[in-house]
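Visitor: I am new to this structure and would like a tour. Could you show it to me and take my questions as we go?
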Amino acid sequence: MHTGDGAYIKKLNRSYILTEIFEHHKISRASLSKVTGLNKATISVQVHDLLEEDLIYETQEEHYSVGRRPILLSINEKAAYFLGIDLDHEHILFNITDLKGNTVKYEKFDLHTDVYEEIIVLMAEQIKKYQQEFDSAKYGLVQTVIAIHGTVSTDNKIHFIPRSQWRDKDILTDLEKLQIENITIENNANLSAYAERIFQYHKSENLLNINFSSGIGSGIIINGELHKGYHGHAGEMGHMIIYPKGKPCRCGNEGCWERYASEPTFFENANKLLNKKIQTHTDIKRLLNEQNEDVINALNIWIADLAIGLNNVINLYNPEMIVLNSPILKIYPHSLEEIKKHLISSVSQYRDIVISGLGAKASVVGACAMGIQQFLDLPRLTLSETNNSISH
Ligand SMILES: [Zn+2]
């Protein structure tokens with residue numbers, strides 16, 4: 001460390017203090033001093049600044065029986081707002097949270113085009129609308145993070161989106177031309193993993209989140225950090241081959257995991273078994289309520305293939321927490337039990353496996369959380385799940 005790095009140390013101390021206020025929700029100056037190890041004078045100066053900046057406010061415990069009620073500090077959630085956008089193939093989700101990560105607005109729009117230029121303009125218009133709407137807040141709408149359903153390069157460009165066939169799109173520059181700034185892009189499965197860690201499994205340093213939708217995508221957290229790989233493309237687990245010379249895949253190989261355990265495959269198989277057309281999650285729910293044997297059979301066959309890939313992934317990572325984000329698994333009450341039946345290898349080790357509670361909103365709330373962390377420059381962030389989950 002260099003001498004004269006006072007400003008740097010001050011910045012570090014500030015981020016320690018903010019991190020603790022987020023984690024404790026309400027905390028006194030004395031307790032802050034205890035948990036950060038910083039002396040009371042430092043706490044006092046920093047807290048003074050944060051109050052001046054309107055990032056925190058003073059409050060008191062409502063029910064406090066003994067003695068004088070201590071003054072507590074809390075994050076001022078109304079100071080700044082964050083926009084998360086999930087840019088999917090057929091629709092776009094927009095989610096706005098306050099500084100505490102509480103969703104204050106959620107909108108879903110159907111997309112009737114996959115032309116890049118048209119979608120950029122549409123997004124820019126919507127972002128401007130939200131910027132105006134939250135203009136009266138101290139910092140307004142400060143940061144937008146876009147979830148990309150494809151690979152994102154380390155230089156912040158869209159590398160490839162398979163569904164729309166977009167390649168090498170410099171989306172940040174293109175939005176800047178439309179007067180939209182403060183944008184970050186990130187792969188949607190990475191943001192889902194990030195959301196699970198920040199909103200749900202705070203203590204999990206090694207977390208694996210796998211999304212099963214039109215394809216299979218995953219986000220990997222190792223030692224508390226997103227693992228992105230050399231080009232930023234890590235986590236393309238859907239293209240792991242689970243059946244040599246199996247079904248052809250759009251990637252050019254045969255027998256990829258996502259040709260067996262993605263949603264479209266489930267519906268394909270179910271339709272063959274059931275001899276009738278089912279297309280939606282509501283159809284699955286209805287048939288399960290009717291205790292339809294064929295649909296249970298189709299689910300179990302799909303889960304058996306899902307578990308083959310999962311077994312391989314567990315062997316690669318030895319994860320602490322595995323979060324499976326899939327509407328189908330969420331609907332089927334026996335899904336975890338069925339999955340675990342196939343994970344019998346004495347070598348494959350993991351601590352826990354769960355179905356995501358954040359569901360379809362994981363990537364957008366993860367995007368907002370990433371915005372908060374960037375805005376305040378925090379090394380670690382803990383938020384609580386309030387109204388952030390929706391059913392699929
Ligand atoms: Zn493939």
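Predicted model: local features only at pLDDT ≥ 70, side-chain atom pairs only at ≥ 80, totals over all residues.

Visitor: Which residue of E9 is the bridge partner of Val152?
Guide: Val152 has Ile158 in E9 as its bridge partner. Strand E8 and strand E9, residues 158-161, pair in the antiparallel sense over two bridges.

Visitor: What is the order of the strands in that sheet?
Guide: The order is E8-E9-E10, in an open sheet of three strands with antiparallel pairing. Strand E8 (151-152) and strand E10 (166-169) stand at the edges with a single partner strand each, so one side of each has no neighbour in the sheet.

Visitor: What holds strands together in general?
Guide: Strands of a sheet pair through backbone hydrogen bonds, and they may be parallel or antiparallel.

Visitor: Let us turn to the five-strand sheet. What is its order?
Guide: This open sheet runs E14-E13-E12-E15-E16, and its pairing is mixed. Its edges are strand E14 (225-226) and strand E16 (352-355); each has a single partner strand, so one side of each is left without a neighbour in the sheet.

Visitor: How many bridges join E12 to E13?
Guide: Six bridges join strand E12 (residues 207-212) to strand E13 (residues 216-222), and the two run antiparallel. In one of these pairings, Leu207 has Ile221 of E13 as its bridge partner.

Visitor: Which strands does H10 touch there?
Guide: H10 packs on the sheet and touches E12, E13, strand E15 (321-325) and E16. The direction of H10 makes about 155 degrees with that of E12.

Visitor: Where does H9 meet H10, then?
Guide: Ile284, Leu287 and Leu288 in H9 meet Val295, Ile296 and Leu299 in H10. By class, that contact has six nonpolar, no polar and no charged residues.

Visitor: At roughly what angle do H9 and H10 cross?
Guide: The axes of H9 and helix H10 (residues 293-317) cross at roughly 120 degrees and come within 8 Å. H9 and H10 are therefore oblique to each other. H9 passes H10 in a left-handed crossing.

Visitor: And how do H8 and H9 cross, at roughly what angle?
Guide: Helix H8 (residues 263-274) and helix H9 (residues 281-289) have axes that come within 12 Å and cross at roughly 45 degrees. That makes H8 oblique to H9. H8 passes H9 in a left-handed crossing.

Visitor: Which residues make the contact of H8 and H9?
Guide: From H8 they are Glu263, Phe266, Phe267 and Leu274, and from H9 they are His281, Ile284 and Leu287. By class, the contact of H8 with H9 has five nonpolar, one polar and one charged residues.

Visitor: Now for H2 and H3. Is their crossing left-handed or right-handed?
Guide: The crossing of H2 and H3 is right-handed. The axes of helix H2 (residues 29-36) and helix H3 (residues 40-52) come within 10 Å and cross at roughly 115 degrees.

Visitor: Which residues meet there?
Guide: Arg29, Leu32, Ser33 and Thr36 in H2 meet Lys40, Ile43, Val47 and Leu51 in H3. By class, the contact of H2 with H3 has four nonpolar, two polar and two charged residues.

Visitor: One last topic: how many aromatic pairs are there?
Guide: The count comes to ten aromatic pairs, taking rings whose centres lie within 6.5 Å. Among them, Phe94 and Phe109 form an edge-to-face pair, 5.6 Å centre to centre with 75 degrees between the planes. Phe94 lies in strand E5 (residues 91-97) and Phe109 in strand E6 (residues 103-110), so the pair ties together parts that are 15 residues apart in sequence.

Definitions and conventions
Residues numbered from 1 in each chain as written. Heavy atoms only, no water. Axes fitted to C-alpha atoms, helices over the stretch in contact; angles between N-to-C directions. Helix = DSSP H or I, 4+ residues; strand = E, 2+ residues; numbered from the N terminus. Parallel < 35°, antiparallel > 145°, perpendicular 65-115°, else oblique. Left-handed = near helix turned anticlockwise from the far one by under 90°. Contact = heavy atoms within 4.5 Å. Nonpolar A, V, L, I, M, F, W, Y, C, P; charged D, E, K, R; others polar. Pairing = 2+ DSSP bridges. Phe/Tyr/Trp six-rings, centres within 6.5 Å; stacked < 30°, edge-to-face > 60°.
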